[in-house]
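Got the sequence and the 3D view open? Let's walk through a few residues together, one question at a time.

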Amino acid sequence: MKRRLLAVFAHPDDESFICGGTLAKYAQSGVEITLVSATRGEMGRRMGNPPYVNRETMPAVREKELRQACAALGIHRLIFLDIRDKTVEFIDPESLTERIAALIKEVDPDVVLTFHEQLGGHPDHCAIGKAATAAFHRTSQKGSLYFITFGDAMAYPEQFGYTQNDVVKIDIRHQLEAKLAAFRAHRCQTEIDAWVWEPDHQALAKFGRYEYFLVGSSAAPQLVCDDLFPSTGA
């Protein structure tokens, strides 16, 4: 049976910068991945280096870059909610939750990824995470909910009030090339980061070997710490 993963994020590049290795890993194992981006990232402050993007061209540029990143990671389907960047927190929560709930019913995912509503680190992240979490519980669907996290912060979950049993740690060492390709696809956002454009072996050395996810639902397998799909394996 085809396994499905639905990722609900706020901006183009969230999928690559935060959990690109994991998405590539599951795509390579045959998981069908749908990515929802709430915005087109049109209010981003990075304009390329030297700058070549402006406010008018940024939505199209970032959509193109996101599609290239999706190709690098093996993401099957991309959906935009067409919310203006930096305004997700001001969208009516009920209507946003209903939109995401409809997508969950349509995709019928085994795994839903989104931001933690308090640990998301950006108002758009927290808002889309809160709505996606509410939608997940509203649909009462069969899958598991996980929250994406930044870097290796959740290697030590106790500092955030969690335990190791609340964390799934994904080994992405064989997906680092795909993750780097996705970083480079988001050219206007990463050109200012010199390390991304160093020779491959140097750039790859900057990535961590693991990505971490917080368990977000009771259905998620808290006793399995290295796989988001523990029943069938990646």
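Contact here means heavy atoms within 4.5 Å. One more thing before we start: the model is predicted.

Q: Where does Leu6 lie, and which residues does Leu6 touch, not counting residues up to four places away in sequence?
A: Leu6 sits in strand 1, which covers residues 4–9. Leave out residues up to four places away in sequence, and look for heavy atoms within 4.5 Å. What you get for Leu6 is Thr34, Val36, Ile104, Val107, Pro109, Val111, Val112 and Leu113.

Q: Is Leu6 buried or exposed?
A: The cut-off for buried is under 20% relative accessible area. Leu6 has 1% relative accessibility, so Leu6 counts as buried.

Q: How many Å apart in space are Leu6 and Val111, C-alpha to C-alpha?
A: Val111 belongs to strand 4, residues 111–115. Along the sequence, Leu6 and Val111 are 105 residues apart. In space, going C-alpha to C-alpha, the separation of Leu6 and Val111 is 6.3 Å.

Q: What does Val111 touch, not counting residues up to four places away in sequence?
A: Val111 is buried, with a relative accessible area of 1%. Leu6 is on the contact list of Val111. The whole list for Val111 reads Arg4, Leu5, Leu6, Ser144, Tyr146, Leu228 and Phe229.

Q: How far apart in space are Val111 and Ser29, C-alpha to C-alpha?
A: In sequence, Val111 and Ser29 are 82 residues apart. For the distance in space, take the two C-alpha atoms of Val111 and Ser29, and you get 14 Å.

Q: How many salt bridges does the count come to?
A: For this count, a side-chain nitrogen of Lys or Arg has to be within 4 Å of a carboxyl oxygen of Asp or Glu. By that rule, the number of salt bridges is 15.

Q: Why does the salt bridge of Arg62 and Asp13 tie together parts of the chain, and how many residues apart are they in sequence?
A: The closest N and O atoms of Arg62 and Asp13 are 2.7 Å apart. Arg62 is in helix 2 (residues 58–73) and Asp13 is in the loop between strand 1 and helix 1 (14–28), so the pair ties together parts whose separation in sequence is 49 residues.

Q: Are Arg62 and Asp13 buried or exposed?
A: Remember that under 20% relative accessible area means buried. Arg62 has 3% relative accessibility, and Asp13 has 10%. So Arg62 and Asp13 both count as buried.

Q: Which residue meets Glu198 in a salt bridge?
A: Glu198 counts as partly exposed, at 24% relative accessibility. The N to O distance is 3.1 Å, and the partner is Lys206.

Q: Which residues form a positive surface patch, and where is Lys86 found?
A: The patch consists of Arg45, Arg55, Arg84 and Lys86. Lys86 is partly exposed, with a relative accessible area of 39%. As for its place, Lys86 is found in the loop between strand 3 (77–80) and helix 3 (93–107).

Notes
Residues numbered from 1 in each chain as written. Predicted model: local features only at pLDDT ≥ 70, side-chain atom pairs only at ≥ 80, totals over all residues. Heavy atoms only, no water. Patch = residues over 30% accessible without salt bridge, like charges linked within 9 Å, V, L, I, M, F, W, Y side chains within 5 Å. Areas by Shrake-Rupley, 256 points an atom, 1.4 Å probe, with all protein chains shown as cover. Lys, Arg positive; Asp, Glu negative; His and termini not counted. Charge placed at Lys NZ, Arg CZ, Asp CG, Glu CD. Helix = DSSP H or I, 4+ residues; strand = E, 2+ residues; numbered from the N terminus. Buried < 20%, exposed > 50% of the residue type's maximum accessible area, 1.4 Å probe, protein only.
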